[in-house]
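I want to go through who pairs with whom.

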Amino acid sequence: MNYDVIVAGAGSMGISAGYYLTKQGVKTLLIDAFDPPHSSGSHSGDTRLMRHVYAGHPTYTKMAIRADHLWKELEELSNQSLFIRSGVLNMGESGSQVLEKKLIHANNHQIQVEILNADEIKHRWRGIHLPDHYTGLYEPNAGFLFSEKVVQAYRDQALLSGAQLLTNTSITNIETADESVTVTTNKGSFRAAKLIMSMGAWFGTVSHFINLPVRPLRKAVAWFEGDESLFDYNQFPGFTIGDGERSYYGFPSLNGSGVKIGRHDAGQLWSPNHPFEPFGYFSHDEDDLRGAMESFFPRAAGKVLKGAVCKYEMTPDENFIIDHHPHYSNVLIAGGFSGHGFKFASVVGEILADLTIQGKTDFDISPFSISRFANTLT
Ligand SMILES: Cc1cc2nc3c(=O)[nH]c(=O)nc-3n(C[C@H](O)[C@H](O)[C@H](O)COP(=O)(O)OP(=O)(O)OC[C@H]3O[C@@H](n4cnc5c(N)ncnc54)[C@H](O)[C@@H]3O)c2cc1C
């Protein structure tokens, strides 16, 4: 056997898993089709929101608390700032059940939050324009992560711990036999006792081996010029805002970067090996985001300073997939992070390492089981 574990896909989740495995002495080979961090997957575009309070299954909040701890550790290890606690403000129409559920989870886990009405929000952050029937939940200890820097930091730490990384190497086939896994690439074949698959938007390329109901989506984001005295990260938080139909998320300006905004729902279906159109290819890339800026942040609706595209990979229920392969107990799958996975990349890496080494994790990962798609799997 060449390796204890092969990690297929060394992006957000894979590179983190690679670090937590090698840190514990596991002989690990990471394989990636690009050179992570890169802009062809799901982790590009500078920043990702990191918040702790979730409306979904309670396991998300528990995982976010552990992820936060691991982000601090990674900052110390790599001696750099990776997480800016700018606060995050979630805004939506009053009476939404989502807000109430978040409040319950916040109380259960002693996470500091403030509930603010529209007037209080507008008074506190003068750059926000909000209909009177909106309410906000503000999490002061939330903020945003520098996503490419995080991937680079885990890469550095994994390599320092002894991991091997093959970049610009595409996986073309996977086979299991005699309790081992053989991964074939354009640069040769590699064998290991165990395999972790963390291939983001490209699971479709290995559908012969695992056929997941994951839909990759093209997502556009843009940075808008605004009044820096209102929108700089020292005074303005990360945010999410929705009107029941459309939902957006965004980030304060970072040293003149402009306010970054993206849309969480919508997006264009994409398939591996098909063209991936750049920002601005569709006129609605900018128009849609500008509409939200004009409605909610009119003093940051200036010119577009930068635009980018990135990939989501959606499961039907928007919950992750973290589970063993339905037929092979030595293969773990981590995918379908549905546009909200990055904040958890640290703890997901740790969970994958725990499942690989000890065969168990302290977290309830039942909401992420593959069996919930039993009817659609082949
Ligand atoms: C615009 C945008 C905004 C987002 N905002 C947030 C946010 O605010 N907060 C948050 O928590 N999350 C957010 N997310 C989601 C988060 O970034 C993703 O959930 C996360 O990055 C997914 O990680 P991954 O490891 O599955 O994918 P990736 O990081 O893309 O890693 C997958 C890797 O697998 C490799 N790979 C694939 N196929 C092969 C193959 N055949 N051979 C070799 N290598 C292969 C790829 O090259 C890639 O490096 C956002 C995503 C996008 C696109």
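Axes are lines fitted to C-alpha atoms, for helices over the stretch in contact, with angles from 0 to 180 degrees between N-to-C directions. Helices (H or I, at least four residues) and strands (E, at least two) are DSSP runs, numbered from the N terminus. I count two strands as paired if DSSP finds at least two bridges between them.

The model is predicted, so to speak of local features I need pLDDT of at least 70, and side-chain atom pairs count only at pLDDT 80 or more, while totals for chains, interfaces and linings use all residues. Numbering runs from 1 along each chain as its sequence is written.

I looked up the open sheet: three strands in the order β3-β8-β4, with antiparallel pairing. β3 (47–50) and β4 (83–84) are the edges, each with a single partner strand, so one side of each has no neighbour in the sheet. β3 and β8 (residues 143–146) are joined by four bridges, and Arg48 has Leu145 in β8 as its bridge partner. Helix α5 (residues 147–161) lies across β3 and β8, at about 50° to β8.

Next, the hairpins. β10 (residues 171–177) and β11 (residues 180–185) pair antiparallel over six bridges, with Glu175 opposite Thr182. Two residues separate these strands, and Asp178 in the turn has a positive phi of about 50°.

β11 also pairs antiparallel with β12 (residues 188–197), over five bridges. Here I find Val183 bridged to Phe190, and this hairpin has two residues between its strands.

Technical notes
Two residues are in contact if their C-beta atoms, placed from the backbone, lie within 7 Å.
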